[in-house]
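Trainee: I would like a close look at one part of this model, with its surroundings worked through in order.

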Amino acid sequence: MIKLRYPIILTICSYGTWQKNSYHTWKKSFVSEPIYLSNASSAPSPSTVAEESEDEEIIPEADGHFGMVMDCSSYWNGKLTNLQTLSAFLVGKKDGNRIAQLRNMNKLKGSLCILKLENILNKEEARDARLHDKLHLTKLEFIWSDLQDAKVTSEEEILEHLQPHFGLQELKIVSYSGGSLPSWISDPSFTQVTSITLYGCRYCERLPSLGELPSLKILNIVDMDELVVIDRLFYQQQANQRQNAFPRLEQLSFDGMSNLEIWTGIEEGHFPCLQLLTIRFCPRLTASISFIFELPPTF
């Protein structure tokens, strides 16, 4: 048991029915609906694209976003090297809208949501997107359309090779069917990451050492059904490390973890800044939650 430094808001909900199909409503709260250019009639002429590729930024539509489905490969392929703003990219099955279209868009900045990742064929294609070269992106969302009926090991290789640059600040992974999260997600070289959301990573059986991320403030983990135990690995890879785990974390949420039973390995000094702990629909865990934290009095 550890004693928390600050008064904490602890929310525990262990009853009710977890609605698996509620994701689609929740998804719309953070995925903007892009404007799609998906047919020849709406595609700009090659000369227009050439002019736009020389601009610093394509002007967004009225909703403040610019999105595209690159079906017109002869127009778009390799032309938008100076593009800075792209809110969403839908990976397709044709040459004109493969993930490799992002390869040379190294001036992209701000937020990028990559959807339909199930259309990436293999790790080589994922690597070809060269996300680690996009040094101005601050927020990245990886979204698969649907969870598969069983674990998909190929998705593990694909996500491993979609590693972003170390200056990223926010990360979301949604409907991932791999059995483990990528090794890079807990790399302490990600010194600026402040927020991570893992939604619908149902087949992940262990949590990586997210406690080693030095700036992480918000961590939300939702609908990770195969997770049974949270152990020492969640905090640090090496048991004898001296630094505190989760040194900046303020908000921690576990939601819809139907098989989570054991939360162990917490030591004195871990979670020194935690202010909000939310545990919802974790029926096998909540009976023992009072033994994990010694909560300070609130005045």
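Is Asp 133 buried, partly exposed or exposed, and what is its relative accessible area? Please go on from there to the other salt bridges and the elements around them.

Mentor: The model is a predicted one. Asp 133 has a relative accessible area of 23%, so it counts as partly exposed. Its salt-bridge partner is Arg 130, and the closest N and O atoms of that pair are 2.6 Å apart. Arg 130 sits in the loop between H4 and S6. With 35% relative accessibility, Arg 130 is partly exposed as well.

A search of the whole structure gives 10 salt bridges. Among them is the one between Asp 223 and Arg 202, where the closest N and O atoms are 3.8 Å apart. Asp 223 belongs to the loop between S9 and S10 and Arg 202 to the loop between S8 and S9, so this pair ties together parts 21 residues apart in sequence. Asp 223 is buried, at 4% relative accessibility, while Arg 202 is partly exposed at 21%. Asp 223 also has a positive phi, of about 60°, without being a glycine.

Arg 202 forms a salt bridge with Asp 225 too, with the closest N and O atoms 3.6 Å apart. Here Arg 202 is in the loop between S8 and S9 and Asp 225 in the loop between S9 and S10, so the pair ties together parts that are 23 residues apart in sequence. Asp 225 is buried, its relative accessibility being 8%. Through shared partners, Arg 202, Asp 223 and Asp 225 are joined into one network of salt bridges.

The loop between S8 and S9 also holds Ser 209. This serine is buried, with a relative accessible area of 1%. Its side chain reaches the backbone nitrogen of Gln 237 at 3.4 Å. Leaving aside residues up to four places away in sequence, Ser 209 touches Ser 186, Leu 233, Phe 234, Tyr 235, Gln 236 and Gln 237.

From these loops, turn to the strands. S9 runs parallel to S11, and five bridges join the two. In this pairing Leu 219 stands opposite Leu 252 in S11. S11 also pairs with S13 in the parallel sense, over five bridges, and Asp 255 has Arg 280 in S13 as its bridge partner. Four of the five residues of S11 are buried, so this strand is largely enclosed by the rest of the structure.

The largest nonpolar core has 62 residues, and Phe 142, Ile 173 and Trp 263 have the most contacts inside it. Elements that each supply at least two residues of this core include S9, S11, S13, S6 and H5. Another core, of eight residues, lies apart from it, and its members include Ala 88, Leu 90, Cys 113 and Tyr 199.

H5, residues 153-160, has Glu 155, Ile 158 and Leu 159 as its buried residues. Seen down the axis of H5, these fall within an arc of 95°, so they line one face of the helix. Their cover includes helix H4 (123-127), strand S6 (136-143) and strand S7 (170-174). H4 and S6 bring the account back to Arg 130, which lies in the loop between them.

Notes. Residues are numbered from 1 along each chain as its sequence is written. This is a predicted model: local features need pLDDT of at least 70, side-chain atom pairs count only at pLDDT 80 or more; totals for chains, interfaces and linings use all residues. Side-chain values use heavy atoms; hydrogens and water are left out. Buried means under 20% relative accessible area, exposed over 50%, partly exposed in between (1.4 Å probe, protein chains only). The arc is that of the directions from the helix axis to the C-beta atoms. Contact means heavy atoms within 4.5 Å. A nonpolar core is a set of buried Ala, Val, Leu, Ile, Met, Phe, Trp, Tyr and Cys residues joined through side-chain atoms within 4.5 Å. A polar contact is a pair of N or O atoms within 3.5 Å; within protein, one must be able to donate a hydrogen and the other to accept it, and residues adjacent in sequence count only if both atoms are side-chain atoms. Two strands pair if DSSP finds at least two bridges between them. A salt bridge is a side-chain nitrogen of Lys or Arg within 4 Å of a carboxyl oxygen of Asp or Glu.
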